[in-house]
Amino acid sequence: MLKEVTAEAEERMEKTVEHFRRELAGIRAGRANPSLLDKIRVEYYGEATPLNQLASIGVPEPRLLVIQPWDKTAIPAIEKALLKSDLGITPTNDGNVVRLAIPQLTEERRQELVKMIRKKTEEQRVAIRNIRRDANDMVKSFQKDGEITEDDAHRGTDEVQKLTDKYIGLVDDVLSAKEKEVMEV
């Protein structure tokens, strides 16, 4: 019984950390990264289609993204979607590919990004602590119902706490890596 509780808690914590990694990958750090375009949807034949399903996205230089659509007629729609997005980057095209030059971040913008990243990190820590609370509540209910002993309940809560510490540590590692990436010039 305790194994199921800890396994479920660990699975939920793992998903939380993965979600956090994907969320931070979409934050522009002054360096070209194809994941910046993950949330971009292009109006293509009446459908909002993810950009990465319409084109290949390459990074030929550290500050340049090149979007090469499989259908050249989609270029105007891709440009329109990029302009409407919150990236704040103006695309250019030569009829074959769309280029996005990633500008250098100002010091002020870097500080804003770090502040936002720290806020998102705290949200993830809270989510992990909520998972811990849910797991501990389940352990307590098992003990209350007489399904497990008091010693087993203590072992279960200790195990859940170890998982919590491990995953909060992983969130902190993701935070420090992203902070370092944002702050490097």
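**Note on salt bridges and the sheet**

1. Arg21 is partly exposed, at 34% relative accessibility. The model is a predicted one. Arg21 pairs with Glu18 in a salt bridge, with 2.8 Å between the closest N and O atoms. Glu18 is also partly exposed, with a relative accessible area of 30%. Both residues sit in helix H1, three residues apart, or about one turn.

2. Helix H1 (residues 2–25) also holds Lys15 and Glu11, four residues apart, again about one turn of the helix. Their side chains form a salt bridge at 3.3 Å, N to O. Lys15 is exposed, with a relative accessible area of 54%. Glu11 is partly exposed, at 45%.

3. Is Lys178 buried or exposed? Lys178 is buried, with a relative accessible area of 6%. Its salt-bridge partner is Glu181, with the closest N and O atoms 3.5 Å apart. Glu181 is partly exposed, at 22%.

4. The salt-bridge count comes to 15.

5. Now the sheet. Four strands make an open, antiparallel sheet, ordered E3-E4-E6-E5. Strands E3 (55–61) and E5 (92–93) are the edges, each pairing on one side only. Strand E4 (residues 64–69) meets strand E6 (residues 98–101) over four bridges, in the antiparallel sense. In E6, Val98 stands opposite Ile67.

6. Helix H2 (residues 75–84) lies across E4, E5 and E6. The helix runs at about 20 degrees to E6.

Notes: Residues are numbered from 1 along each chain as its sequence is written. This is a predicted model: local features need pLDDT of at least 70, side-chain atom pairs count only at pLDDT 80 or more; totals for chains, interfaces and linings use all residues. Side-chain values use heavy atoms; hydrogens and water are left out. Two strands pair if DSSP finds at least two bridges between them. Helices (H or I, at least four residues) and strands (E, at least two) are DSSP runs, numbered from the N terminus. Contact means heavy atoms within 4.5 Å. Axes are lines fitted to C-alpha atoms, for helices over the stretch in contact, and angles run from 0 to 180 degrees between N-to-C directions. A salt bridge is a side-chain nitrogen of Lys or Arg within 4 Å of a carboxyl oxygen of Asp or Glu. Buried means under 20% relative accessible area, exposed over 50%, partly exposed in between (1.4 Å probe, protein chains only).
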